[in-house]
Structures are given as C-alpha cells and as structure tokens.
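Opened the notebook on a new model today.

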Amino acid sequence: MTEPAHARLLFVDDEPRILDGLRRSLRGMRGEWDMRFATSGFSALEMIAEQPCDVLISDMRMPGMGGAELLTRVREQHPGVARVVLSGHTEPDAAVRAAFVAHRFLNKPCEVTHLTQVVRQLTAGLARDNAAELRAVAGALRTLPSPPRLMQDLTAVLGDPGATLGRFIEHAHRDVALTAKVLQLANSAFYGARPRVVSVDYALATLGLPMIRALLAAEGGLWSWPEAGQELHDALLAGWEHSVAIGLLAPEMASPALAPFVEVAASLRDVGMLAAAAADPHTVCDDLRRARREGRPVEQVTTERAGFAWSEVGAELLNLWGLPQQIVTAVATQDQPARTSGAGLGVHGVLRAAHLLLRAGGASADGEPEGRDELESLLQHPQLRGRATDWRQAAERASRLARQQCRPELSATAGAAPAFRPERSADPLGITRTAPEVLVVDDDESIRQLLVDILEMEGFSTRSAGNGQDGLTEIGLARPDCVVLDVMMPGISGLQVLERIRALPGQPLPVIMLTAATDSLTSASAWTAGADFFLVKPFEPDELLNLLSTMFLQEDVAGL
C-alpha cells in the first residue's frame, strides 16, 4: 500500500517572520508535504474547515486565540488531526492545558531534521484502510481514565506536606493513565526533559511534583473512570491487574537492555481498551457481552464491528504521543503469536511468554489452553530455559502480588502491600543517540572489519577491538550504544567480558553475542551471563541489522 502523495500540514504563528523562516527552511519538503500557513487561531480554524489537514503545528502564545484554545477546538471539531506545539517559553497554566490537547511538543528553535522526523512519524500510516477511523478515536483523547481508588491514593500522597518524589513514584507505577501521560511529556524537551525516555522514574523526576500536581488537579474529569456499569468496571480492573502482573514477570524474563522497554510495554498493553472505554463505554460493554455470549476473543468482535482491534487504537495513541517505537510495536502486536529464534525473544516474545504464563489456566474458544504450544516453545528457548527459575511459579507469585496491589480488599495483607517493582539502575534512562555507536569485539580481523564496514554503510558509528581486554578498555573510555561481542577469543573470553559488562553501574548496555559454536551449552551460558541476543556464525548481515533495529528506537535507525 502506498503512502499519500503529500502530507497536509498547517503551521500557525502570529509572527510572520517565524512563518517565513519555516517556509524557507522547509522548502526542500515540498515534494512530500502540502504546507499552509496561518497567522492566527481563527484563520487556522477557517482553513481547516475549508480543507482538512493531517498535522497542525501551532505556537502557544498568540493574541486573541492562544495555542491551547486552538488545539482544544481542533480536538473537538477535527479529532483526526495530529496536534503539535512548536513554541518557546509559555506560562505554566497554558503548559498544563497543552499537555491534554497536544500530541507532540517542540521547542523553538527547532532543528529542521527533528521537525521532519516528527511529521513523518505522525503521517507514516495514513494510507491504511482504517487510518482515519483509528486516528479519530485516538486523536480525540486527552488522557486515559484512572481507577478511582488509585487516583485517590495518588492525590493523598501529593496532599501530604511531607510527600517525596520517591514515595509518589512507588504509587504512580501502578497507574496506566499517568504512566502514559508522563512518558508522553518526558519525551519532549518542551517540558524540560531529554528525548528517548523509557523510564517512568526519570519521567516523573524530570516533570517534578509541582507539574504532576497540576496535571492531576486538571478540571473536567480528565482522569475519570468510565461509568457504564459493573461489567465494564470489572473488565477494566481485570485488564489493569493483568498488566501489573506482566509488568512484574516479564522484566525478569527479558535481557537487561530490553527490560525497561518490556516493563513499560507491559504496563501500557491495555491502553487501547482504556481509550475505547473512555470514548464510548457502552459500545465496549456491548463488545464484551457479545464476546462472552459467542465464546470468542473480544478482539475478533471489536475488529468485526469497528474494523480495528483495541490494540491498534492503543498503538495509534502511543504513536501520536511520541512514545518509543519499541513500545508502540509491542502494544500493536500483543495478540500476535511470537516467533522464536536463536537470536533472542526480544520485547514481543518476552511479553507473550509472560502473558501466556499468566493465562495458562484459561482456555480459548475451542476449549484448549490459550497458546499452549506457543508457550511451550517460548519456555524451551535458551533465554528462559537456561535460567534457574521455575517460570510457572514465578507467574503465580506475580499474579498474587498484582492482586494485592490492584485489589487490596481481597488480600489479607492489604495493610502492607509489598513492593513489587524490580530493582532499577541508578541511571534509569532509555536514551539513544541520533547515530547509534556500535563496538565490535572479535579476534578475527577479517570478520571484525567486515562487520564495521556493514554497520558504517548502514549509518552506524563504530569502534572495534581485537580482544576482550581492549573491548573493556574501549567501553571504559566511552560507553557505546551496543556491543557486538564474539564468544571465543584468546585471553579474556566473550562470556567473561559480558560478565564484566553486566557488573557495570547504570543502564544495562545492550550486547549481541556472536559464536561459531552450535552447542546448547554455549548459548545457555550466554543467556545466563545476560546476553540480549545471540547469533551463530555464519549469519547474514540482515540478521544483525534486524537485531540492531530492535535494540534501538526504530525512528532513529530509519533516519540514519
């Protein structure tokens, strides 16, 4: 399916010189974009009414109708339009309002390459058959609903004069709505954060308690739980509990470098259902009743009725909000069976394994345990089989802890709910550079140089080392974004290097292991030591490049 010939953009700013500068700097994009320019919010609304646009990019501080009011009206009248703020300093009240009506936030001055990247991401899927319907549902949302009891807990913590950020973070991790919103804002320099953030801890710390208080105190029932009867309430609560349980289990199954993505993707897996319930709770109830009556997965029922599943709505919303592409993809593909490979399970495979373990007691429409064969295949993967963990018992523990967190009234230990989050590193960032740097460590000079040539041809920055000690020295001099590491080397072996890498402080460094050995003991040792992926020589260059594309955010790799 081909993309539209031109994406339709509308820029709004009350300063003509700003618009003239945008015209000049974006002249080279006229082959891809149909660009229009307006000097006021009123003019912009008239122009959209005459001819729709795909992306609206607006200043905040404008006379008459400010940017926040313009974005609000566009959300109400044209929900399918992606809304982007492009502004310098703005008042705190307006910043809070913008947080609920804009999808992306850009600072003035904005690099043309960054603006281009954002627009391309927002318009990439507009040629899909159901794109307009998906964008309209996701685009109308300001935030997701939050369970009333949890929102009361969060408000109580913030109301305590002695409240600390650390105490708030422990409560906030259970809230899907707040997690999604703070990650949206934290992936924007407009709110003082650094881009490519996958850590909720870092996102909350960056925004700070004053901004968080303002977000939770926003008027208009922004965080309100849908009111459509007990049936919908129970379904949403069950989905929330299941997400919390996956968030407990899946990071323990993931490789160190992918664990942050897995944890967030687990928390956000049901944002599509929450979004649909916030938009039209009665229709969601009808879908749930029909699915139960006909003994079919609700995703099938929803797709038949609307033309898309809830997971697609969730992925569309998270893409609009600018969350890392690995998380968007994980949400979109959560119902698709995982394909195992010797290279590693990746984010999708780990999430599927955790989901199926937690659902092992359930049955599909034909009466067979859900995904039984798929689960057995995943559990036999060396990444999981090689660890001294009974994953079924781990799933039972995660399920109990999730119930204690989400339904304390059903737990005898409700007065002292256990800490359920896995330990985090002292540097909780998930950030990649524009051109990711890969360190290649291999004692075979011909293979080492070949890998360097392939990676540099694809736009990666590279360094190389001919033995394990030199590799560790290179890491000590300047931390790369990823290490491609041979297993069998003289002196310090690749496995010993990996063990030392895993002992380093900070965010886990992604490692892809290479080996000519085909025995299961070697692969099991690599997984046990903390490898993220594993490739057996000889391999095709595309196999390595595909693994790197899952390591790094896809938008970065695509833009190299």
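**Starting at G386**

I began with G386, which is partly exposed, its relative accessible area being 29%. This is a predicted model, so I kept an eye on confidence throughout. G386 sits in the loop that links α20 and α21. What turns up close by from elsewhere in the chain? I checked T528: its C-alpha atom is 6.2 Å from that of G386, although 142 residues separate the two along the chain.

**Helix α21**

Next I looked up α21, residues 391–406.

Then burial. I noted W391, A394, A395, A398 and A402 as buried, and also Q404, Q405 and C406 towards the end of the list. Which elements cover them? I listed α7 (148–159), α11 (230–253), α18 (346–358), α19 (372–379) and α20 (382–385) among the covering elements.

**The open sheet**

I moved on to the sheet. It is open, with five strands in the order β7-β6-β8-β9-β10 and parallel pairing. From one strand to the next, I get an average twist of 20°.

I zoomed in on one pair. Strand β9 (residues 511–515) is joined to β10 by four bridges, and the two run parallel. M513 is opposite F534 of β10.

**Helices across the sheet**

Which strands does α22 lie across? I traced α22 (residues 445–457) over β6 (437–441), β7, β8 (482–486) and β9; its direction is at about 170° to β7. I did likewise for α24 (residues 494–502), which lies across β8 and β9 and runs at about 170° to β9.

**Confidence check**

Last, I went through the scores. The protein chain has an average pLDDT of 81, and 86% of the residues reach at least 70. I flagged residues 362–368, where pLDDT stays under 50 and the model has seven contacts beyond four places in sequence. I flagged residues 553–560 too: pLDDT stays under 50 there, and the model has 25 contacts beyond four places in sequence.

Technical notes
Residues are numbered from 1 along each chain as its sequence is written. This is a predicted model: local features need pLDDT of at least 70, side-chain atom pairs count only at pLDDT 80 or more; totals for chains, interfaces and linings use all residues. Side-chain values use heavy atoms; hydrogens and water are left out. The expected span of a helix is 1.5 Å times one less than its number of residues. Buried means under 20% relative accessible area, exposed over 50%, partly exposed in between (1.4 Å probe, protein chains only). Contact means heavy atoms within 4.5 Å. Two strands pair if DSSP finds at least two bridges between them. Axes are lines fitted to C-alpha atoms, for helices over the stretch in contact, and angles run from 0 to 180 degrees between N-to-C directions. pLDDT is the predictor's confidence in each residue, from 0 to 100.
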